[in-house]
Amino acid sequence: MLNFEIINELTLKVTCSGNDVLFTKAGSFIAGESAGGKNYKFEKVLFGPQNNMGQAILGSLVRRVTGENLPLMKALLNGNSVTYYANYGQHVVIYHLSPGETISVESENILAFTQDCEYTVRFIGVGVLSQKGLATSTLTARGNNAYVAVLSDGNPIVLSNVTSRDTISVDPDAVICWMGNGPCDPRVTADVSWKTLIGQASGESYQFEWDGNQPVTVIMQPSERKGGIRVGID
């Protein structure tokens with residue numbers, strides 16, 4: 001059994017009771033404690049976290065094609081231990097998924113997840129507009145110990161319309177992840193005109209949008225990735 005905690009906003013603490021497996025971003029381990037000698041080790045994940053080799057190889061190819069490639073290592077935890085993970089001082093957010101619940105997350109923002117999460121790559125079909133928009137990584141809880149830890153450049157921002165039913169519109173290059181009950185993929189709104197072609201656009205020509213009929217929680221970072229298409233005439 002694994003438990004996730006955040007230490008000082010920037011570090012993930014993973015407490016293991018018994019034997020378990022943890023998937024983490026390669027190179028993210030920073031420290032560990034265990035009684036009676038070190039009882040954990042790390043292995044590189046060659047293709048993917050799927051248990052089926054065929055699915056793992058196919059998933060690896062899909063990730064490389066879509067830009068959702070995820071360099072992973074597997075922590076084999078053999079006994080009670082506490083291990084710590086971080087990534088270049090980025091903020092850490094943890095989420096405990098309910099059975100059947102799904103979180104859609106950008107691969108570069110994944111820090112760690114437990115083996116009770118099923119990892120896949122899913123097309124959402126808007127890659128023409130954003131470098132990070134063609135596909136998204138999804139983690140679905142297939143057990144009660146489904147934890148996910150994600151990274152944010154700066155303190156994360158959370159928007160939710162679960163209660164308000166407001167329309168949420170966000171920049172795809174600032175999105176970390178989103179979650180909700182049932183399908184809740186965003187639609188893409190684009191504001192492309194002749195000004196875009198002569199380099200006079202606002203710089204916010206496209207957004208991810210969820211309306212009030214799509215109850216969703218969206219987590220963003222106060223930093224934009226360098227992605228998408230830049231069209232202009234000098």
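Biologist: Hi! What kind of model is this?

Modeller: Hello! This is a predicted model, in which local features need pLDDT of at least 70 and side-chain atom pairs count only at pLDDT 80 or more, while totals for chains, interfaces and linings use all residues. Residues are numbered from 1 along each chain as its sequence is written, and side-chain values use heavy atoms, with hydrogens and water left out.

Biologist: Thanks. How many helices and strands does the chain have?

Modeller: There are two helices and 19 strands. Both are DSSP runs numbered from the N terminus: helices are H or I with at least four residues, and strands are E with at least two.

Biologist: Which strands make up the open sheet?

Modeller: Four strands do, in the order S1-S2-S7-S4, and their pairing is antiparallel. Two strands pair if DSSP finds at least two bridges between them.

Biologist: And why is one side of S1 and of S4 left without a neighbour in the sheet?

Modeller: Strand S1 (2-7) and strand S4 (29-33) stand at the edges with a single partner strand each, so one side of each has no neighbour in the sheet. From one strand to the next, the twist averages 20 degrees; angles run from 0 to 180 degrees between N-to-C directions, with axes as lines fitted to C-alpha atoms, for helices over the stretch in contact.

Biologist: How many bridges join S4 to S7?

Modeller: Four bridges join S4 to strand S7 (residues 81-85), and the two run antiparallel. Look for Gly 32, whose bridge partner in S7 is Thr 83.

Biologist: Switching topic: how much of the chain is buried?

Modeller: Buried residues are 47% of the 234 in the chain. Buried means under 20% relative accessible area, exposed is over 50%, and partly exposed is in between, using a 1.4 Å probe and protein chains only.

Biologist: What about S16, how many of its residues are buried?

Modeller: Six of the six residues of strand S16 (residues 175-180) are buried, so S16 is largely enclosed by the rest of the structure.

Biologist: Which strands does S16 pair with?

Modeller: Strand S9 (residues 102-105) pairs with S16 in the antiparallel sense over four bridges, and Ile 103 stands opposite Met 179 there. S16 also pairs with strand S19 (residues 217-220), antiparallel again and over four bridges. In that pairing, Cys 177 stands opposite Ile 219.

Biologist: Where is Asp 171?

Modeller: Asp 171 lies in the loop between strand S15 (168-170) and S16. Asp 171 is buried, with a relative accessible area of 14%. The C-alpha atoms of Asp 171 and Glu 224 are separated by 8.1 Å, although the two are 53 residues apart along the chain.

Biologist: Last one: how many aromatic pairs are there?

Modeller: The whole structure has ten. Rings of Phe, Tyr and Trp (its six-membered ring) pair if their centres lie within 6.5 Å; planes under 30 degrees apart count as stacked, over 60 as edge-to-face and the rest as tilted. Phe 208 and Trp 210 make an edge-to-face pair, 6.3 Å centre to centre with 90 degrees between the planes, and both are buried.
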